[in-house]
Amino acid sequence: MKQKRISECIATARRPLLSYEFFPPKSDAGMNTLRQVAESLLPTKPDFVTVTYGAGGTTRSRTLEVCDLLMSMGFDPVMHHLTCVGATRTDLEATVDRLHAHGLRNIMALRGDPPHGDSRFRRPVNGLAHAVELVRLIKQRHPDICCGVAGYPEVHQEALSPESDLLYLKDKTEAGGAFVTTQLFYDNTAYFRFEKQCRDWGIRVPIIPGLLPPNSLGQLQRMAGLCRASLPTALIRALQEAGDDTARAEQVGLEWTMGQIEELLARGVPGVHLYILNRANFALAPALRKCFQR
Ligand SMILES: Cc1cc2nc3c(=O)[nH]c(=O)nc-3n(C[C@H](O)[C@H](O)[C@H](O)COP(=O)(O)OP(=O)(O)OC[C@H]3O[C@@H](n4cnc5c(N)ncnc54)[C@H](O)[C@@H]3O)c2cc1C
């Protein structure tokens with residue numbers, strides 16, 4: 001059955017949007033866990049859910065498998081991420097056709113990261129070099145698919161400059177990217193600065209902040225390193241104080257992210273996208289449900 005488009009959900013929403021991001025597990029056991037987590041999250045009525053696309057190998061086909069599972073459970077819309085990594089234009093056309101045939105009407109159009117060991121991404125033979133080309137490919141083939149695109153409040157690691165990053169983001173939205181989901185950040189000033197710069201550059205589409213509640217100092221530092229997110233001293237200190245107490249560290253992370261969400265919503269963001277890492281603990285927190293009126 002044909003799914004709703006996220007652009008329409010955003011346009012008609014009467015309350016802030018809440019969305020969750022899943023990743024395709026490598027094993028059948030991981031799929032079972034994902035199913036249980038998804039089931040527990042259904043009552044929180046997310047406005048949409050998304051499923052990431054692996055850099056290569058078996059998890060790629062699992063993305064569609066997870067999308068099918070989530071659709072069969074009643075999630076609508078479900079968004080399939082897609083990257084340009086290791087694919088020719090013909091491969092990508094075939095994938096997009098397949099997703100469309102499955103009823104999917106939302107694709108997060110991404111370039112993908114360079115393979116391990118490479119500092120820069122290289123266009124695959126007969127493939128695409130940038131996400132903007134993927135947005136064009138999708139929109140030309142299936143104009144009824146809603147494309148989301150990625151934005152970087154703290155600037156993409158390969159960007160020539162903050163200005164060029166904004167220019168290319170604008171290109172993605174003008175090619176058909178209907179909304180931007182941001183890379184994770186722990187300091188809201190990064191989002192507010194980015195949002196203002198986007199508006200100054202004429203980017204008009206909704207910009208949904210992406211948040212990952214930290215659950216340990218190690219995870220925080222790893223993620224911040226990968227995504228180049230700046231780390232507020234107060235957050236580091238609170239996680240250091242939690243030490244080996246994992247429950248306390250989770251609580252610290254939850255309180256931090258709740259603080260971010262409250263401020264973001266108070267300043268009128270269209271919604272919040274949660275990188276939940278296939279775990280339900282944070283998404284089920286009563287404070288979160290209250291914030292989103294669920
Ligand atoms: C919300 C979100 C979801 C993600 N999901 C996934 C996922 O599921 N799977 C995965 O593998 N990765 C995922 N990523 C990571 C993403 O693939 C990487 O950040 C990747 O390095 C860049 O992807 P992009 O789509 O932003 O690329 P692009 O928009 O192509 O930008 C990449 C770099 O090239 C520059 N650039 C852009 N266009 C041009 C152009 N026309 N000419 C010259 N330079 C240009 C940009 O400034 C930037 O530095 C996600 C990221 C985000 C924020």
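Reader: What share of the contacts in the protein chain with a separation of 6 or more comes from residues 24 or more positions apart?
Author: The share is 81%. Note that this is a predicted model.

Reader: Why is Leu-274 called buried?
Author: The cut-off is 20 or more other C-beta atoms within 10 Å. Leu-274 has 22 such neighbours, so Leu-274 counts as buried.

Reader: Where is Leu-274, and which residues does Leu-274 touch?
Author: Leu-274 sits in strand β8, residues 271-275. Leaving out residues up to four places away in sequence, Leu-274 touches Tyr-20, Glu-21, Leu-211, Phe-282 and Ala-283. Gly-210 is 64 residues apart from Leu-274 in sequence, yet their C-alpha atoms are 5.8 Å apart.

Reader: Why does Ala-242 count as partly exposed?
Author: Buried needs 20 or more neighbours, and exposed needs 12 or fewer. Ala-242 has 19 C-beta neighbours inside 10 Å, so Ala-242 falls in between and counts as partly exposed. Ala-242 belongs to helix α9. Beyond four places in sequence, Ala-242 touches Arg-248, Ala-249 and Val-252. From Ala-242 to Val-252 the C-alpha distance is 7.9 Å, at 10 residues apart in sequence.

Reader: How do you know that the buried residues of α8 lie on the same side?
Author: Leu-217, Leu-220 and Ala-224 are buried in helix α8, residues 217-227. They cover an arc of only 60 degrees around the axis, so they share a side of α8. An α-helix has 3.6 residues a turn, so residues three or four places apart point the same way.

Reader: What covers the buried residues of α8, and what does the face turned away carry?
Author: The cover includes α9, residues 233-242. The face turned away from the buried side carries the exposed residues Gly-218, Arg-222, Gly-225 and Leu-226.

Reader: What makes α5 roughly parallel to α6?
Author: The axes of α5 (residues 131-141) and α6 (residues 162-175) cross at roughly 0 degrees and come within 9 Å. Angles under 35 degrees count as roughly parallel, so α5 and α6 qualify. On α5 the contact is made by Ala-131, Val-132, Val-135, Arg-136 and Lys-139, and on α6 by Tyr-168, Asp-171, Lys-172 and Ala-175. These residues divide into five nonpolar, no polar and four charged.

Reader: Why is Lys-45 called exposed, and what is its phi?
Author: Exposed means 12 or fewer neighbours. Lys-45 has 12 other C-beta atoms within 10 Å, so Lys-45 is exposed. Its phi is near 45 degrees, a positive value in a residue other than glycine. Lys-45 lies in the loop between α2 and β2.

Reader: Why is Arg-228 partly exposed rather than exposed?
Author: Arg-228 has 14 other C-beta atoms within 10 Å, so Arg-228 is partly exposed. Arg-228 is found in the loop between α8 and α9. Arg-228 also has a positive phi, about 60 degrees, although it is not a glycine. Most residues other than glycine have a negative phi, and most peptide bonds are trans.

Reader: Which form does the peptide bond from Asp-76 to Pro-77 take, cis or trans?
Author: That bond is cis, with omega near 5 degrees. Pro-77 is placed in the loop between α3 and β3.

Key
Residues are numbered from 1 along each chain as its sequence is written. This is a predicted model: local features need pLDDT of at least 70, side-chain atom pairs count only at pLDDT 80 or more; totals for chains, interfaces and linings use all residues. Two residues are in contact if their C-beta atoms, placed from the backbone, lie within 7 Å. Helices (H or I, at least four residues) and strands (E, at least two) are DSSP runs, numbered from the N terminus. The arc is that of the directions from the helix axis to the C-beta atoms. Axes are lines fitted to C-alpha atoms, for helices over the stretch in contact, and angles run from 0 to 180 degrees between N-to-C directions. Angles under 35 degrees count as roughly parallel, over 145 as roughly antiparallel, 65 to 115 as roughly perpendicular and the rest as oblique. Ala, Val, Leu, Ile, Met, Phe, Trp, Tyr, Cys and Pro count as nonpolar, Asp, Glu, Lys and Arg as charged, and the others, Gly among them, as polar.
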